[in-house]
Amino acid sequence: MNGRRVRLAVLAPLAVSTLALGAVTFSAPTATAASPTCSVTGTDNPNNLLVSGRDFRPNKSVAVESANGSEGSVRADATGRFSLTVTDASGTVSAQQIGGPVVGCGTAAEGEQKNAKEQFNEGFRQGFAAVRENCDRREPQRGFARVDENFERGFNAGVDAATRQFCR
């Protein structure tokens, strides 16, 4: 009986500690940090690009570079997002926080192309809506600024599509 008590005295704490450790291991949440991402978009000024990022470390500085060199830095907000307008960027645009990975945002040409598509789509939406309301409306409402040529092409395409659908 004495040998059995010794074995239980040795094995019982080992079994209890293993169960406790297992419970801690499985109950700990698995926190995986999101990888930072960024993108480039053209602006109304053809010399500028808007660089936007997310999932960066909150409240830390982000350096933005292009093939021209350093384009500037900006502080990520409390959610890890940032946006920065850069002038005369060329080639590939990237962003990096100190100690973090270099994140490719895209190229200056991609930013210009993305902006052109957005302008066309917005023009199409507005042209279609305008003719749907009034079949006589054929021109975008112009303010003081020149209408983007991609917006104007989209507007005209929207007018044509709505005319075919609603104005016969």
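Modeller: Happy to! Let's start at R125, which has 48% relative accessibility and so counts as partly exposed (buried is under 20% relative accessible area, exposed is over 50%, and partly exposed lies in between, with a 1.4 Å probe and protein chains only). A word on the ground rules: this is a predicted model, where local features need pLDDT of at least 70 and side-chain atom pairs count only at pLDDT 80 or more, while totals for chains, interfaces and linings use all residues. Residues are numbered from 1 along each chain as its sequence is written, and side-chain values use heavy atoms, with hydrogens and water left out.

Now, back to R125. This residue forms a salt bridge with E122, and the closest N and O atoms are 2.6 Å apart. The term stands for a side-chain nitrogen of Lys or Arg within 4 Å of a carboxyl oxygen of Asp or Glu. Side chains of opposite charge can pair when their charged atoms come close. Both R125 and E122 sit in helix α2, 3 residues apart, about one turn of the helix. (Helices are DSSP runs of H or I with at least four residues, strands are runs of E with at least two, and both are numbered from the N terminus.) E122, at 29% relative accessibility, is also classed as partly exposed. The count by this rule is 1 salt bridge.

Next come the disulfides, meaning pairs of cysteine sulfur atoms within 2.5 Å. Searching the whole structure turns up 2 of them. In one, the sulfur atoms of C38 and C105 are 1.8 Å apart, and the link is left-handed, with -90° about the S-S bond. C38 belongs to strand β1 (residues 37–42) and C105 to strand β7 (residues 103–107), so this pair ties together parts that are 67 residues apart in sequence. C38 counts as buried at 13% relative accessibility, and C105 is buried too, at 9%.

Another disulfide joins C135 to C167, again with 1.8 Å from S to S. Its torsion about the S-S bond is about -90°, so this link of C135 and C167 is left-handed. C135 lies in the loop between α2 (108–133) and α3 (149–166), while C167 is in the segment after α3, so the pair ties together parts that are 32 residues apart in sequence. C135 has 28% relative accessibility and counts as partly exposed. If you number the bonded cysteines of the protein in sequence order, the pairing reads 1-2, 3-4.
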